Structures are given as structure tokens and as C-alpha cells.
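Subject: Structure handover and findings

Hello,

Here is the structure I promised to pass on. Please open it first, then read my notes below with the model on screen.

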Amino acid sequence: MRHIRLMQQMIEPSELKKFSGMQRAAALMLALGKENGALIWQQLGIDEVKELSTTMAQLGRVPAHIVEHLLVLFSSEVSTISSLHGSFETTERLLEGILPEDKLKEVMEDIRGPSGRTMWDKLSNVSETVLAAFLKNEYPQTVAVILAKLKPEHCARVLSALPRDFAIDVIQRMLRMEPVQREIVLEIENTLKNEFMTNLSRSQRKDPHESMADVFNAFDRATEEAILGALDARAPESAERIRALMFTFDDLANLMPAAIAALVKNADKRQMALALKGAPEEMRAVFLAAMTERAAKMLREDMASMGPVRARECEEAQSGLVRLAKLLADRGEIVLVDPKDDETMII
């Protein structure tokens, strides 16, 4: 009976075709566990461990008959398993005790990174301007190796941002480049991780003045003016910096027509009517121009039917529209143009 069962397990399940070679290896290592798989893990190089671990962490569920087929020599041990579930947690638990702590940390950092990206994928998400500013001080051959690892679109943007003569030199080296030794690539990768990415993380910490500008945007106008006035007396430079970073209701007039239209579409109609009732005629015209003739007429009627309203209510409604504009910008639906700088766009 055991012989017949083993023969059945030797017949490849049709579902196995859905699994790549690396996925099959990941399922196998998960099934082997720490004790049985330790010797195998110890024989793998760091790149192989990363690749296998990444696949394992993203594996999901593997049916038992697939596991049994992959582990036919151990079928008696896994026959009761209904499924395996690969995740970051199960992968990390499996590698603990198998790999040295520093090696385990490196592997898990790479596969856990934002959406499980590798160092080179992370680098592809760095602004071409920032990356070019760093690379222009490096040796052209090193830059050629780095850019060769990036996606073509990002590589093109970085080359465009580099000084022209330097970029040409890099391109020529990329054209003549031979396969690079693994040790050199690892050294470059470690340099990028330890120097560039670390410094980038530090430099990209949000300016506390930006956070405070958001707080001031949420104040009613009277409170905002009172506190800014008091701050002027104690820390005039900070007060001026906050003013420059604040995005106010008046600044909405500088939005592109498409952004105004998106704001109109998403705004609460009563809130918009209240906000515009306390606004200058020029500001009203900006919003009314983004509406259909019928919608503009209805808004005018809504404002007229309100009668007298408190200025504070209008200011609160205007602050609500500012918050909505920022929310839409954060979601990438509109672009806010900074009125303090014609060249700057806040997305």
C-alpha cells in the first residue's frame, strides 16, 4: 500500500505548473522547517537566501498534495498537513537560529522593506534630482554600475539630471561594461545602504515648521492671527517661516481649473456655500466658473437663502475647503501650487 501511495505521489499534480522553481523550493524549505533545513540554509549565499526568503514570504498557501509531491521522501511526515502559509513572520521564525543575527537582520530588512523591495527597487523610488546630486560626486564607473541596475525610465531621468559631460562619460562606460564581480556589486550596495539611504532618511525628516503650519491652518482666523502675532514678538524667523508654509483659503484661487473642479465635485455643498458667502467676489467667481450653469445658479440661491451668518462659520467652512484640498493633493488627485514660489509644486 505504501508503495502504491508513493507511486501516486510521483505523478505530478496539474496545479504544480502554477508554481515556479523558486516557489517550489520555498515550499520545500518551509515544510522541512528549522531542523531538517538548517544544513541547506547554511550552504546558501546571501543573495540566494534573500531570493528564497522573499519568495517564501510571498508564497501564501500551498495545498497539501503539492507539498507531499515535493517532499515525497518525507510524505509520512507531512501527510497530515492541510496547507502551509508563507509570511514574513513564518520566514523570520524559520531563519532564527539558522542564520547569524546580523545576516538574518539583513535578509529580513531587504525582504520586509517597503512592499518587500530590494535596495535597487528602493533606489528607483528616489527622486532623480536627489540621486543625481549624490552620484555626480562619484567615480563614473561606479555610477555606471548603479544606473545599470535601475529601471530604464528612472535611469534616463537620472542621466538627464547629471551634468552633460559626466552623463556622456557614464553612458560610454555602460556601453562598454563587462559583467561586474558580485563582490563589487555588494560593496556598492552596502555603500548606498549605509551612506546614501541613511543620510537621505535623515534629510527627509519633516521640517517642524511644516507640521506647525498644518496646525495653524486648522486654527480659526482670530486664533491664528493672535498666536502668530505673539510668535512674531518672540521668534520672528519662525513666525515668518510658518506664514510662508501655510496654505490658506485665499491660496485656493491659485489652483489650476481642473483642481478647482475636483474640489467643487468633492466638497459638501453647504460647506462650500458658507465658505463662498464670506469670500470676496473674485474668489466666488473662481469656484462658480468651475460649475455648470445650473449648479452655479443653485449655489447662488443657497448663499442668498442663508441670510446673515456669523463670520466664524464662514471661516470654519473655508478652513474645511483648505483641508479638503490638501486631502485631494495627498491622494494625488490634484496639485497645489505654492503661491510663494512659482516654480514649486506641492503634491
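A residue is called buried when its relative accessible area is under 20%, exposed when over 50%, and partly exposed in between, using a 1.4 Å probe and protein chains only. By that rule Leu 175 is exposed, because its relative accessible area is 73%.

Some ground rules. The model is predicted, so local features need pLDDT of at least 70 and side-chain atom pairs count only at pLDDT 80 or more, while totals for chains, interfaces and linings use all residues. Numbering starts from 1 along each chain as its sequence is written, and side-chain values use heavy atoms, with hydrogens and water left out.

**The chain as a whole**

The chain has 21 helices and four strands. Both are DSSP runs numbered from the N terminus: helices are H or I with at least four residues, strands are E with at least two. Of the 347 residues in the chain, 39% are buried. The accessible surface comes to about 20,700 Å². Carbon and sulfur atoms own 53% of that surface. Such areas come from the Shrake-Rupley method with a 1.4 Å probe; for residues, only the protein chains shown count as cover.

Next, contacts, meaning heavy atoms within 4.5 Å. Take the contacts with a separation of 6 or more: residues 24 or more positions apart account for 71% of them.

**The cores**

In soluble globular proteins, nonpolar side chains tend to be buried together. A nonpolar core is a set of buried Ala, Val, Leu, Ile, Met, Phe, Trp, Tyr and Cys residues joined through side-chain atoms within 4.5 Å. The largest one here has 34 residues. Phe 249, Leu 252, Leu 276 and Phe 287 have the most contacts inside it. Five elements give this core two or more residues each: α17 (257-266), α18 (269-277), α19 (281-288), α20 (293-306) and α21 (311-330). The most come from α21, with eight residues.

Which residues does Leu 252 touch, leaving aside those up to four places away in sequence? They are Phe 247, Ile 260, Leu 263, Phe 287, Leu 321, Val 322 and Ala 325.

There is also a second, separate core of 24 residues. Val 126, Leu 135, Leu 150 and Val 170 are among its members.

Leu 135 also turns up in helix α9 (residues 128-135), where Leu 131, Ala 132, Phe 134 and Leu 135 are buried. They lie on the same side of α9, because they cover an arc of only 160° around the axis. That arc is taken from the directions from the helix axis to the C-beta atoms.

**A charged residue that is buried**

Is Glu 224 buried or exposed? Glu 224 counts as buried, because its relative accessibility is 19%. Look for Glu 224 in helix α15 (residues 221-234). Glu 224 touches Phe 216, Phe 219 and Met 246, not counting residues up to four places away in sequence.

**Salt bridges**

Side chains of opposite charge can pair when their charged atoms come close. A salt bridge is a side-chain nitrogen of Lys or Arg within 4 Å of a carboxyl oxygen of Asp or Glu. The structure holds five.

- Arg 157 and Glu 128: the closest N and O atoms are 3.6 Å apart. Arg 157 is in helix α11 (residues 152-161) and Glu 128 in helix α9, so this pair ties together parts 29 residues apart in sequence. Arg 157 is partly exposed at 39%, and Glu 128 is partly exposed at 25%.
- Glu 281 and Arg 284: the closest N and O atoms are 3.6 Å apart. Both lie in helix α19, three residues apart, about one turn of the helix.
- Arg 312 and Glu 316: the closest N and O atoms are 3.3 Å apart. Both lie in helix α21, four residues apart, about one turn.

An α-helix has 3.6 residues a turn, so residues three or four places apart point the same way.

Leu 175 is found in helix α12 (residues 164-176). With Ile 168 and Ile 171, Leu 175 makes a nonpolar surface patch of about 290 Å². Patches are made of residues with over 30% relative accessible area and no salt bridge; like charges are joined within 9 Å, nonpolar side chains (Val, Leu, Ile, Met, Phe, Trp, Tyr) within 5 Å.

Best wishes
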